Amino acid sequence: MLQPLVIGLGRSGAGLHVKALARLASLPEAPLTVDPLVACDPRPEAGRGLPSVTVTHSLAEAARLVTPQRTVVHVCTPPASRTPVLTELAALGFRRFLVEKPLAADRAALDDIVRLRRHYDLDLVVVSHWLAAGLTGRLRRLVHERPFGALRHIAFTQHKPRFVRTFTREGHPTAFDVEIPHSLGVALDLAGPAELVDAHWSDLRCDDGVRAHMGSARMALRHRSGIRTEITSDLASPVQQRSVTLRFERGPVTGHYPLSEHDDHAQLVLPDDPHGPHVFRDDALTAFMRRTYQDFAAGRRNHSAVPYDVVRLLCDAKDHCRAAERTTAGETPDAPTTEEQHVR
């Protein structure tokens, strides 16, 4: 039996991971135990409203309450702080990690994590539960079986109002790091490796002030398969939406992912379907964690390159936007790197 250790009790840690772990532990033949569930967060208020969680305030203190050799560490800290947290945990003897998306906020941090993984032989999995979603599985079958012909284009729309969290907490550095990692991973899974074609970001503005680069984010990709993808996310939107449209040769297919943990139903709309939308339960996070824990218990390693490709493409998009801002400001752009050359 494996034991979880949750690092960080913010939105993802307390609001998603702790709840999903409780659901997972209640399933028959669950590959883990959460009695007690141990977490670590240095904030004095951390853990309020979570009576079943034993909260520690340092990684060393948490390490004394669990056995590193049979523990899965859920790293739910902001992307910018991943490297020092993983470094300290690895030095304490932990080897199995489930890390929130995106894995890193920039290329330097990604390189550090890759070196750390190799040095300590870490079994590191990035949270990519949309890949385990029932909706994604149905879309994947449509792409492979081609009942509507070949796939030509993918369009993701991920909108939600995010004013309070953005102005009251430090966390994600840009709008690219919030919602887009989910859909970008699915696009790479469905259509294969890709290169950035275009990107844009905007600031988040309201009466409380301005947060640079946290308003909206858009990126366009060209896959090696010839398929095009467009992803748009607006964190100033008055409504919430998580939708995808796949355009096939003989018509579009639209999917709607669940909006939150409050309702785990997905919808799928097929061309000329007289029965209307297919609506079904789709608790992707619990399904993803169950499969991940089963893999950890069996010693199966996850060798997917998708989480690393996601970070690299996000970095390409940020570099593209920064270069556009410098040009608009009348600055002389720096000599393009090899990656920037293929983007342009």
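Strand 11 and strand 12 (residues 228–234) are joined by seven bridges and run antiparallel, where strands (E, at least two residues) and helices (H or I, at least four) are DSSP runs numbered from the N terminus, and two strands pair if DSSP finds at least two bridges between them. L221 stands opposite T229 in strand 12, and the two strands form a hairpin with four residues between them, in whose turn G226 has a positive phi of about 95°. This is a predicted model, in which local features need pLDDT of at least 70 and side-chain atom pairs count only at pLDDT 80 or more, while totals for chains, interfaces and linings use all residues. Residues are numbered from 1 along each chain as its sequence is written, and side-chain values use heavy atoms, with hydrogens and water left out.

Strand 11 (residues 216–223) is mostly covered, with six of its eight residues buried; buried means under 20% relative accessible area, exposed over 50% and partly exposed in between, for a 1.4 Å probe and protein chains only. Seven bridges also join strand 11 to strand 8 (residues 194–201), and this pair runs antiparallel, with A217 in strand 11 as the bridge partner of W201. Strand 12 is in turn joined to strand 7 by seven bridges, but here the two strands run parallel, and I231 in strand 12 is the bridge partner of F156.

These strands belong to an open sheet of eight, in the order 8-11-12-7-13-14-15-16, with mixed pairing. Its edge strands are strand 8 and strand 16, each of which pairs on one side only, and the twist averages 15° from one strand to the next; angles run from 0 to 180 degrees between N-to-C directions, and axes are lines fitted to C-alpha atoms, for helices over the stretch in contact. Helix 7 packs on this sheet, touching strand 7, strand 8, strand 11, strand 12 and strand 13 (241–248), and its direction makes about 170° with that of strand 7; contact means heavy atoms within 4.5 Å.

A second open sheet has six strands in the order 3-2-1-4-5-6, with parallel pairing. Strand 3 (53–56) and strand 6 (123–126) are its edge strands, each pairing on one side only, and the twist averages 25° from one strand to the next. Within this sheet, strand 1 (residues 3–7) and strand 4 (residues 71–75) run parallel and are joined by five bridges, and the bridge partner of V6 in strand 4 is H74. Helix 1 (residues 11–25) packs on the sheet, touching strand 1, strand 2 (37–40), strand 3 and strand 4, and its direction makes about 175° with that of strand 1.

**Helix pairs**

| Helix pair | Packing angle | Distance between axes |
|---|---|---|
| Helix 7 (residues 180–191) and helix 9 (residues 306–328) | about 120° | 9 Å |
| Helix 1 and helix 8 (residues 284–298) | about 70° | 9 Å |

Helix 1 is therefore roughly perpendicular to helix 8, whereas helix 7 and helix 9 are oblique to each other; angles under 35 degrees count as roughly parallel, over 145 as roughly antiparallel, 65 to 115 as roughly perpendicular and the rest as oblique. Helix 7 passes helix 9 in a right-handed crossing, and helix 1 passes helix 8 in a right-handed crossing as well; a crossing is right-handed if the near helix is turned clockwise from the far one by less than a right angle, and left-handed if anticlockwise.

Where helix 1 meets helix 8, the contact is made by L16, H17, A20, L21, R23 and L24 of helix 1 and by L285, T286, M289, R290 and Y293 of helix 8. By class, this contact has seven nonpolar, two polar and two charged residues, where Ala, Val, Leu, Ile, Met, Phe, Trp, Tyr, Cys and Pro count as nonpolar, Asp, Glu, Lys and Arg as charged, and the others, Gly among them, as polar. In the other pair, I180, P181, L184, G185 and L188 of helix 7 meet V306, D309, V310, L313 and L314 of helix 9, a contact with eight nonpolar, one polar and one charged residues.

**Backbone in the loops**

Most residues other than glycine have a negative phi, and most peptide bonds are trans. The peptide bond from K101 to P102 is cis, with omega near -20°, and P102 lies in the loop between strand 5 (96–99) and helix 4 (107–120). R146, a residue other than glycine, has a positive phi near 55° and lies in the loop between helix 5 (134–145) and strand 7 (151–159). D272, also not a glycine, has a positive phi of about 55°; D272 is found in the loop between strand 15 (265–269) and strand 16 (278–281), and counts as exposed at 78% relative accessibility.
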